[in-house]
Structures are given as C-alpha cells and as structure tokens.
Amino acid sequence: RDRSGAANPGQALQRPRGLCVRAAELSAVREAEREVDFVMSTGKRDSYGEIVRQNWRLERFTGNPVALFVHISGALPIGQWLNVRVEDDDAKGPALKGTLRVASVQANPLAENVWHSILERTLRAVSVGFVPHKLSCEEIDGEEVVILDDCELFECSVVPIPANPDALVEM
C-alpha cells in the first residue's frame, strides 16, 4: 500500500509481517498419507474488508509448492501442496483448493506438532501469501470494496486465524 493506505497493483500488500495474506479451512484427512484437503481461498469478503477474485497465477507456486507455518518464509517448510487448482462450486462460486501433505518429524519437528494439531482440530485454517497484479474498487452493499485480482500465489501457510473465513479444512 502507499502512504495513504491505497493498494498498489503489482506489489505485495503490506500486512503486519509483509506479504499479502488471506486464510481458509479443511475437508478430508488421510492419516496414512499425512494429507488434508483445504479450501485455500474464496471470493468472500475477508477481515481486511477486501475481496480476492479467484483468478490465480499458479505457475510460480507450483514450481515450489511449499507449505509454511504462519507465513514464516525463513523457517523449514512444514510440508508441500498438491493438486492446487481453482474449482467452481455452483453454490459458493470459484475457490482455490489444494491438498496439504505434512512433512515427517525427521524433516521438521514443527511439522509433527502442526500435524497433530490438525488431527485434533485445533488448527483448521490456512492463509495464502500473494501479489495482486490488478486492483479495483466496487460498490457492494453501499460500500466501496477493494477487489484484488489476477493474483500471483507465492505461498500458503497453516495458521490459527485466517483472514478469509472460508479458508479452512474442507468438511
């Protein structure tokens, strides 16, 4: 954002820790494979009052689909993302979805803590870090809403509290 708080296209939105982030929830857990299906992002208005259009640039991300814990890019990944795609649901609209495969305790001891927290359902959300390449404003329900579009996905993290209320384990 610039000094006035307006978003600048092509730049990461500055959040308390840097990259623009949004969060989501979980659907299916496959314990033997250490895999969990998540909704990573939707077009629902988020806690920043913005809407992320589900028009994703995934090429960069799919080349290195690491999963982080709370957007800490300098730490070891806690896993990797598989089958990341935009899927259209007639009732809810398009959503970014993917499968998290959690790393072994040998690869990253923190990943084991995250895995058990997911199994115990104390961690159920994810958050995407991205750069929007197109910004606009639309009036929605009598309010000006910032629309983030043509977003380039950089990373997706497991988080305790997502910005996007739909960014959760798929149920």
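Q: Let me start with strands. Which residue in strand 7 is the bridge partner of valine 66?
A: This is a predicted model, so keep that in mind throughout. The bridge partner of valine 66 is glutamine 80, in strand 7. Strand 6 (residues 66-69) and strand 7 are joined by two bridges, and they run antiparallel.

Q: How many bridges pair strand 7 with strand 8?
A: Nine bridges pair them, in the antiparallel sense. Strand 8 covers residues 93-102. Now look at the turn. A hairpin of three residues leads from strand 7 to strand 8.

Q: How many bridges join strand 3 to strand 8?
A: There are six, and these strands run antiparallel. Find glutamate 35, whose bridge partner in strand 8 is arginine 101. Strand 3 is also mostly covered, with eight of its eight residues buried.

Q: Now the whole chain. How many helices and strands does the secondary structure have?
A: It comes to two helices and 10 strands. Along the sequence the pattern reads β-β-β-β-β-α-β-β-β-α-β-β. The chain has 171 residues, and 47% of them count as buried.

Q: What share of the contacts comes from residues 24 or more positions apart?
A: The share is 68%, among contacts with a separation of 6 or more. A single pair shows how sequence and space can be compared. Alanine 125 and glutamate 170 are 45 residues apart in sequence, while their C-alpha atoms are 9.7 Å apart in space. Alanine 125 lies in strand 9. Its relative accessibility is 1%, under the 20% limit, so alanine 125 counts as buried.

Q: How do I describe a pair of aromatic rings?
A: A search of the whole structure finds two aromatic pairs. One is formed by phenylalanine 38 and tryptophan 81. Their centres are 5.8 Å apart, with 75 degrees between the planes. That angle is over 60 degrees, so the pair is edge-to-face. The pair links distant parts of the chain, 43 residues apart. Phenylalanine 38 sits in strand 3 (residues 35-42) and tryptophan 81 in strand 7 (residues 79-89). Both phenylalanine 38 and tryptophan 81 are buried.

Q: What kind of pair do tryptophan 56 and phenylalanine 130 form?
A: They form an edge-to-face pair, at 5.3 Å centre to centre and 80 degrees between the planes. This pair also links distant parts of the chain, 74 residues apart. Tryptophan 56 is in strand 5 (residues 56-57), and phenylalanine 130 is in strand 9 (residues 125-140).

Q: Why does tryptophan 56 count as buried?
A: The limit for buried is under 20% relative accessible area. Tryptophan 56 has 10% relative accessibility, so it counts as buried. Phenylalanine 130 is buried with a relative accessible area of 0%.

Q: Where do nonpolar side chains tend to go?
A: In soluble globular proteins, they tend to be buried together. Here the largest nonpolar core has 30 residues. Met40, Trp56, Trp81 and Leu153 touch the most other members. Strand 3, strand 7, strand 8, helix 2, strand 9 and strand 10 (143-159) each give two or more residues to this core. Strand 10 gives the largest share, five residues. Look again at tryptophan 81: the residues it touches include Phe38, Met40, Leu100 and Cys156.

Q: Which residues of helix 2 are buried?
A: Start with the general idea. An α-helix has 3.6 residues a turn, so residues three or four places apart point the same way. In helix 2 (residues 109-119), the buried residues are Ala111, Glu112, Val114, Trp115 and Ile118. Seen down the axis of helix 2, they fall within an arc of 165 degrees, so they line one face.

Q: What should I check at the start of helix 2?
A: Check asparagine 108. One of its side-chain oxygens comes to within 2.9 Å of the backbone nitrogen of leucine 110. Just after helix 2, arginine 121 has a positive phi of about 65 degrees.

Q: Which side chain makes a polar contact with serine 127?
A: The side chain of histidine 71 does, at 2.8 Å. Serine 127 is in strand 9, and it is buried with a relative accessible area of 3%.

Terms used. Residues are numbered from 1 along each chain as its sequence is written. This is a predicted model: local features need pLDDT of at least 70, side-chain atom pairs count only at pLDDT 80 or more; totals for chains, interfaces and linings use all residues. Side-chain values use heavy atoms; hydrogens and water are left out. Rings of Phe, Tyr and Trp (its six-membered ring) pair if their centres lie within 6.5 Å; planes under 30 degrees apart count as stacked, over 60 as edge-to-face and the rest as tilted. Helices (H or I, at least four residues) and strands (E, at least two) are DSSP runs, numbered from the N terminus. Buried means under 20% relative accessible area, exposed over 50%, partly exposed in between (1.4 Å probe, protein chains only). The arc is that of the directions from the helix axis to the C-beta atoms. A polar contact is a pair of N or O atoms within 3.5 Å; within protein, one must be able to donate a hydrogen and the other to accept it, and residues adjacent in sequence count only if both atoms are side-chain atoms. Two strands pair if DSSP finds at least two bridges between them. A nonpolar core is a set of buried Ala, Val, Leu, Ile, Met, Phe, Trp, Tyr and Cys residues joined through side-chain atoms within 4.5 Å. Contact means heavy atoms within 4.5 Å.
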